[in-house]
Number of protein chains: 2
Amino acid sequence: MTYTIMDVAKRANVSKATVSRVLNDQGGYSEKTKRKVLEVIQELGYHPSAIARGLTNKRTHTIGVLVPNLTSSLVTEFLNGIEAVAHKLGSSVIVCHTESHGIKTMMYLQLLHEKRIDGLILAGTIFREEYYDYIQRVGIPTVLLSTYSEYPVPHVTADDHDAAYTATKYLIQKGHKKIGMISGNKEEWIAGSRLPRIEGFKDALSDHKIAFNENHIVYGGFSFDDGATGLKHLIRQVPGLTAIFTENDEIGIGVLSAAYHLGIKVPKDISVIGMDNINLCKVVTPPLTSVSLSHSEMAEKAANMMFEMIESNKVVTSCILPHEVVERQSVRTL
Amino acid sequence: MTYTIMDVAKRANVSKATVSRVLNDQGGYSEKTKRKVLEVIQELGYHPSAIARGLTNKRTHTIGVLVPNLTSSLVTEFLNGIEAVAHKLGSSVIVCHTESHGIKTMMYLQLLHEKRIDGLILAGTIFREEYYDYIQRVGIPTVLLSTYSEYPVPHVTADDHDAAYTATKYLIQKGHKKIGMISGNKEEWIAGSRLPRIEGFKDALSDHKIAFNENHIVYGGFSFDDGATGLKHLIRQVPGLTAIFTENDEIGIGVLSAAYHLGIKVPKDISVIGMDNINLCKVVTPPLTSVSLSHSEMAEKAANMMFEMIESNKVVTSCILPHEVVERQSVRTL
DNA sequence: GTGAAAGCGCTAACAG
DNA sequence: CTGTTAGCGCTTTCAC
């Protein structure tokens, strides 16, 4: 049996209104009635229905988070950060994993709107026009996290071009000249940030007068396995290769693993630097040097921005978070 | 602007009731009005409020999931499985991470109850009496996932004793005699399953006439770092150690990592077998042999059970899922 | 086939 | 200080 405000009211010999008042600390009642009401609430184990409240208040204290998957460490770190600030601010989060699937994403958007979420965070997805239209139309305060967009929606991202440039430059400064890159494919998530990373790589090369050849880059997916196959392609394609920059750490770790199986020593034979600095980096063998994009920070920032939008009801300004290379043991000085 | 059923009704020159009927495919209207209503809905981009619906229907199509953290692979795999079946069955999931914190857990339980979730899954937490009391009192259909409990709540788990026995026996059959175990501490999550795992380890040893000494087991936490420190303790405590069984894969991977730093070769110098068979196992170096507890399957099973409880309104029977050892390259035959 | 009206549990004026 | 009343957006009898 779950009680209603009416049950409490009757039992305390007051009106619903009074119960509501003490429930919300609004004042306008005597200490005595307050005590009585609280007592009855305790006694009954009464908890107000957030559903009913939501109906009147137009505020559900629930936010939605759309992620492409649930198993990548990156997403996991995002979720962690978001959930933390949401909880601190008294909201719950509904997670939806879209599998980077357009139709599924639209369905989730509708679903979340039907549930009347207060706000939305889109993480690591490509932001399509239809999403923008929908969000715009129903007016959900939204912020994009690590998601590139051509549409005017606030976002928090890293400067991908710059980060890739930094990673590549780091390799160069360590004396490497034959450097390859393993990138994700064109359609995948984090999409849009793909180009900048590649450009950053190329720019660092050219700024340091290192010749670039298209076959220094190999395209695949964003997973461990792609790192493995990427490595194989790369060593075949570029003779004398000494270092690899991978678009993310998952790929980098895949490279580490494949290298082990192929009898290639890291960093002795080949150096690798990843990107994202996920938790795993420090636990793989050898620990993976990576460019840190401080994801938890990004996620928290995004969440805070979203709540600000909810409160103030106006758009906030996007921000780009800094990065740094975290040196571990997968890069050797030549 | 977000429209209500009334807007649709007016615009279609029918009553709310009729709109509601076509919305729910209830029949009792002409083809013509149906068409008209649908047309207006389309036109307005109307989406019914799940909040209002929830209020009348006493069904929110939202479930809650309580997990101890958000970053362990195990939890991630659970979430993944749960979200998948929930979505297939038309429900959303609110995730809450309790940090194995009793107070926080109770707060979340209350919060979720206030949100009037249809059902609840508790994953990888120790199930305390106060949780049981609360759940019982407010009557949320609940199932425990990989959580030990003395209370009559349906659960899906692995047979921890058996799995630990299997892992240990595997090591023995590979010719190992000096076997250590790294276990989590007493109070942590997955708690309750800790004892069975230790007992399984001991039983396998004694069944194969291998002497057991208390210092063959070292206790710590459940993370990478604990594996590292565990290894150091173990090699000091038991001379001639050739193999280690770790209570979970995270610990096992920590051992791998620490071994690398200490110049200990796996599996040449020392063999290690983990438990859980998380995704990471196959990507670390060397790939970690592990006892598979098929978590996604467990999660899906748990979710299905929960929905069954919601539908049928009666408790379902618990189940214990099988396991198997997944051979990779971290164990050597002596 | 369709509409009117009551009610889900709560909050927010508006009166006293 | 406290109660009455009118919604919030939807579903569901019960009539017509």
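A cavity here is a set of points, on a 1 Å grid over the protein atoms alone, where a 1.4 Å probe fits but cannot get out; its volume is the space filled by probe spheres set on the points, which are joined across faces, edges and corners. This is a predicted model, in which local features need pLDDT of at least 70, side-chain atom pairs count only at pLDDT 80 or more, and totals for chains, interfaces and linings use all residues. Residues are numbered from 1 along each chain as its sequence is written, chains are lettered from A in the order in which they are written, and side-chain values use heavy atoms, without hydrogens and water.

**Cavities**
- There are 3 cavities of 30 Å³ or more, and the largest cavity holds about 180 Å³ of space.
- Lining residues (an atom within 4 Å of a point) of the largest cavity include A:A50, A:I94, A:K115, B:A50, B:I94 and B:K115.

**Symmetry**
- Chain B is superposed on chain A by a rotation of 180° with 0.0 Å of shift along its axis (RMSD 0.1 Å), using least squares on the C-alpha atoms of residues with pLDDT of at least 70 in both.
- The two copies are therefore related as by a two-fold rotation axis.
- B:I94 is the residue of chain B that comes closest to the rotation axis, at 2.2 Å (C-alpha).

**Domains**
- An automatic or database domain assignment gives chain A domain 1 (5–57), domain 2 (62–158 + 295–322) and domain 3 (160–292).
- Over C-alpha atoms, the centres of domain 1 and domain 3 of chain A are 60 Å apart.

Methods:
1 Å grid on protein atoms, 1.4 Å probe; cavity = no way out; pocket = protein on both sides within 12 Å on 5 of 7 lines; lining within 4 Å.
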